[in-house]
Amino acid sequence: MQKNHKVSYFINFLGILAVFGIFALLFEGKAFGTSTQYIKGICTTACYTIIMVASLNLVVGCMGEFSLGHAGFVSVGAYASAIVSHALAGRGLPDIVLFIVALLAGGMAAGFTGVLVGIPALRLRGDYLAIVTVAFAEIIRVCFCNFPITGGGKTMSGILKLSGFYWCFWIMVVCVAIMYMYVRSRYGRTVKAIREDYIAAAASGINVTYYKVLTFTVAAFFAGIGGGIYAHYMTAMIPTNFNFMYSAELLSEVIIGGTGSFTGSIIGAAFLSSLPEMMRQFSQYRMLAYSVILVLVMVFKPGGIFGQWEFSLCRVLDKLAGCRRFLRRTVKGGA
C-alpha cells in the first residue's frame, strides 16, 4: 500500500472516530431529552440498512447487473443468525461473542445461497437476471412461510436483543470498509472491466462467470450480516417483511445515492431509512415519497446524487489547504 493511501485511510479513520464521538456525546448526554432512545433506534436502523444497501451496490454499481431479490439474502441471514443465537444461548458466551458468531453464521448462510443462485443466474444478463432474482426472493419467502423452524407463516419471536447502536456502528464501518477495499482490489477492477465491456473481458481470457459469482457471493454475505443485525434488533420478524417491496426500497436507495458510490449508499440509506419516521403522520404516503424522490433524481441527476464520487476527508483537507494558499497569494498580490 502506498504511503499516501495509508495517510488517507488514517485521516478518514480519525473522521469516523470523530463522528462516533459526536453520537456518543449526544446519546449519553441525553441531548434529545426523552426522544434520545428513539433517535438512537433510528440511527441503529440506518446502520444495518447501510450495510444492506452497500452490498447491493456491489451488484448494481460495481458489477452493473440489475438485482431485485436482495431481500432474499437479507432474510436468509436474518433467520440463520436468529436460529444460531437461539441455539447458543445459555452456554456462557458473552453477548458480543454470541452476536458476532450469529452474524457470521447469517452471512455465511446468505453467501452460500448466493453461490447457489449466482452460478445459474449470472449466466443471464439484464432483465432476465432481474426476473430470476425476483423469483429467488419469492421462493425463499414462501419456504420460510412453511418451515417450522422459522415459525411457519407466523411471527418468529423471542430473538435475543443483541443489537445496539455502538456495536452496529462499528460493524457497519468494518463491513463498508471491506466492501470498499474489495472494489479497489484487482477483483473489483476486473469486475468493473466486465461491466464496461463483457465481450472484450471474456475475449481477453477473464473467467467472467467466476468473477461475477464471486462478487454476487460477497454482496450476499454482507446482506446476510445486515439481516442478522436486523433480526437481533427487532427481536421478531415475519417472512412477509422481506417481500418484493423491501428489495425495491433497497434498490431505490442505491439509485438515489448513486450506483458505484459507497458514499451515496451511506447517505441514501441513512436518509431513506429515517424518512418513514419523519413521515410517521403520513405513513400511507411513504412509498409515494420514495417514488417522487426517485423520479426527481432520475430527471435531474440520472447517475444518482453522488454518481461514482467518493467522499474522502483527506481530499477535503487538501482542497481547504489549496484554497488557503490561493487566498494568501491573492492577498499578497493585492498588497
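Phenylalanine 242 is buried, at a relative accessible area of 2%; buried means under 20% relative accessible area, exposed over 50%, and partly exposed in between, for a 1.4 Å probe and protein chains only. The model is predicted, so local features need pLDDT of at least 70 and side-chain atom pairs count only at pLDDT 80 or more, while totals for chains, interfaces and linings use all residues. Residues are numbered from 1 along each chain as its sequence is written, and side-chain values use heavy atoms, with hydrogens and water left out.

Aromatic pairs are treated next. A pair of aromatic rings is described by the distance of the centres and the angle of the planes. Rings of Phe, Tyr and Trp (its six-membered ring) pair if their centres lie within 6.5 Å; planes under 30 degrees apart count as stacked, over 60 as edge-to-face and the rest as tilted. By this rule there are 24 aromatic pairs. Tyrosine 187 and tyrosine 211 form a tilted pair, 6.2 Å centre to centre with 45° between the planes. Tyrosine 187 belongs to helix α7 (residues 186-196) and tyrosine 211 to helix α9 (residues 208-234), so the pair ties together parts 24 residues apart in sequence. Helices (H or I, at least four residues) are DSSP runs, numbered from the N terminus. Tyrosine 187 is partly exposed, at 29% relative accessible area. Tyrosine 211 is buried, at 14%. The ring centres of phenylalanine 242 and tyrosine 246 are 6.1 Å apart and the planes stand at 90°, so this pair is edge-to-face. Tyrosine 246 is buried, with a relative accessible area of 16%. Ring pairs also link Phe13, Phe20, Phe23, Phe27, Phe165, Tyr166, Phe169 and Trp170 into a cluster.

Helix packing follows. Two packed helices are described by the angle between their axes and the distance between the axes. Axes are lines fitted to C-alpha atoms, for helices over the stretch in contact, and angles run from 0 to 180 degrees between N-to-C directions. The axes of helix α2 (residues 36-62) and helix α6 (residues 165-184) come within 9 Å and cross at roughly 15°. The two helices are therefore roughly parallel to each other, a term for angles under 35 degrees. Residues of α2 that meet α6 include Lys40, Cys47, Ile51 and Leu58; contact means heavy atoms within 4.5 Å. On the α6 side, Phe169, Met172 and Val176 are among them. By class, this contact of α2 with α6 has 18 nonpolar, two polar and one charged residues. Ala, Val, Leu, Ile, Met, Phe, Trp, Tyr, Cys and Pro count as nonpolar, Asp, Glu, Lys and Arg as charged, and the others, Gly among them, as polar.

The axes of α6 and α7 come within 4 Å and cross at roughly 60°. Tyr182, Val183 and Arg184 of α6 meet residues of α7, including Tyr187 and Val191. That contact of α6 with α7 has four nonpolar, one polar and four charged residues. Helix α10 (residues 244-257) and helix α12 (residues 286-300) pack at about 35°, with axes 10 Å apart. Their contact includes Met245 and Ile255 of α10, and Tyr290 and Leu294 of α12.

Two single residues complete the account. Serine 85 lies in helix α3 (residues 70-88). Serine 85 is buried, with a relative accessible area of 1%. Not counting residues up to four places away in sequence, serine 85 touches Leu98, Ala102, Leu160 and His232. Tyrosine 38, in helix α2, is partly exposed at 39% relative accessible area. Tyrosine 38 and glutamate 277 are 239 residues apart in sequence and 9.9 Å apart in space, C-alpha to C-alpha.

Technical notes. Parallel < 35°, antiparallel > 145°, perpendicular 65-115°, else oblique.
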